[in-house]
Amino acid sequence: MHTIMVSGGTSTLGRAICERFVKAGERVYCGYASNKKTADELADSYGSSLIPIHLDIQNPESIASVIQELEELDILVNNSGVFSVFTPTELVEFEWQRIFDINVTGLFRLTQQCIPLLTESKGCIVNIASINALHPGFGGTSHYDASKGAVVAYTKSLAKELGPSIRVNAVAPGLLQAPYLDDANPLKQHYEERSLLHSLVDPGDVAKVVQLLVDCKAMTGELVGVDCGYLMG
Ligand SMILES: NC(=O)c1ccc[n+]([C@@H]2O[C@H](COP(=O)([O-])OP(=O)(O)OC[C@H]3O[C@@H](n4cnc5c(N)ncnc54)[C@H](OP(=O)(O)O)[C@@H]3O)[C@@H](O)[C@H]2O)c1
């Protein structure tokens, strides 16, 4: 049994990742920043294999107390990430800083503190980037696109610096299926029209790729797209 920690484990994608690894028989620490209710509900559904843990990646003390609680760690999934829409002229510096503090600096803070445990286990890291890193400019997303571009560069750089002890890879999901994206949503319509599979991405399919990156010992420094063929469209 491996020990896995998923940041933002109650989010649309985080939840799918937690569920996939619990069902594979692993011990999963499901990190939440504010959404304790969903983390507790997941623990009720999955029993002792899914352990809710308060993890605020903007707060170094929160990260340190999580690391103290873990006795071992084989896999870190850096999934926490936030999104907003502002044109480059509307965007205020506070919002730029907020997005970077969670999507980039928070990911760095958590990763750095996990390195000793991952070195001991010869473990691996999977970072959740985005299709926006490869195809920026959806409109109003320059700050988010830049943050995810940084995640990709950091992933590749870390893979070089931490190999051969720790493998580091990233996934670039396309637009995920979520209850708030109804059929009238113009972004959903655009995505379905352009993507080769005419579909949004099922979070469960992204979780499968995360598991592949964990299982495949020959992969490091890779960025794998899971976008229903949007970039090819
Ligand atoms: N949704 C998409 O279409 C899409 C597409 C491509 C990539 N992605 C990426 O996939 C990942 C998950 O996206 P999602 O849409 O599933 O997320 P989401 O539902 O929007 O939820 C955001 C997650 O980030 C966590 N978070 C926010 N601030 C945090 C902090 N200070 N410390 C720790 N965690 C914090 C939240 O935790 P709490 O709720 O507990 O506060 C929540 O779990 C993100 O990295 C996102 O950029 C998403």
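Let me start with the ligand. It is surrounded by 26 residues, and the closest of them are Ala-33, Ser-34, Asn-79, Ser-80 and Tyr-144. Please keep in mind throughout that this is a predicted model.

What is the make-up of this shell by class? There are 13 nonpolar residues, 11 polar ones and 2 charged ones around the ligand. As for where they come from, helix α1, residues 12-23, gives at least two residues to the shell, and so does α5, residues 142-162.

Now the backbone atoms next to the ligand. One oxygen-to-backbone distance involves Leu-13, where a backbone N or O atom is 2.8 Å from an oxygen atom of the ligand. At Asn-79, a polar backbone atom lies 2.8 Å from an oxygen atom of the ligand. Ile-57 has a polar backbone atom 2.9 Å from a nitrogen atom of the ligand. How much of the ligand does the protein bury? On its own the ligand exposes 900 Å², and 83% of that is buried by the protein.

The ligand takes up the space of the largest pocket. That pocket holds about 1,100 Å³ of space. Its lining consists of 39 residues, with Gly-81, Val-82, Phe-83, Tyr-144 and Tyr-180 closest to the centre.

Which helices contribute to the lining of the largest pocket? Helices α1, α5 and α6 do, each with at least two residues, and α6 covers 186-194. By class, the lining of the largest pocket has 22 nonpolar, 15 polar and 2 charged residues.

The second largest pocket has a volume of about 200 Å³. It has 14 lining residues, and those nearest its centre are Lys-122, Gly-123, Arg-167, Val-214 and Lys-217. Its lining divides into 5 nonpolar, 4 polar and 5 charged residues.

I will finish with two points about the backbone. As background, most peptide bonds are trans, and most residues other than glycine have a negative phi. Where does this model have a cis peptide bond? One joins Gly-163 and Pro-164, with omega at about 0°. Pro-164 is in the loop that runs between α5 and β6, the latter being residues 167-173.

The other point concerns His-198. This residue is not a glycine, yet its phi is positive, at about 50°. His-198 sits in the loop between α6 and α7, where α7 is residues 203-215.

Definitions and conventions:
Residues numbered from 1 in each chain as written. Predicted model: local features only at pLDDT ≥ 70, side-chain atom pairs only at ≥ 80, totals over all residues. Heavy atoms only, no water. Near = heavy atom within 4 Å. Polar contact = N/O pair within 3.5 Å; in protein donor to acceptor, adjacent residues only side chain to side chain. Areas by Shrake-Rupley, 256 points an atom, 1.4 Å probe, with all protein chains shown as cover. 1 Å grid on protein atoms, 1.4 Å probe; cavity = no way out; pocket = protein on both sides within 12 Å on 5 of 7 lines; lining within 4 Å. Sits in = over half its atoms within 2 Å of the grid points. Helix = DSSP H or I, 4+ residues; strand = E, 2+ residues; numbered from the N terminus. Nonpolar A, V, L, I, M, F, W, Y, C, P; charged D, E, K, R; others polar. Points joined across faces, edges and corners; volume = space filled by probe spheres on them.
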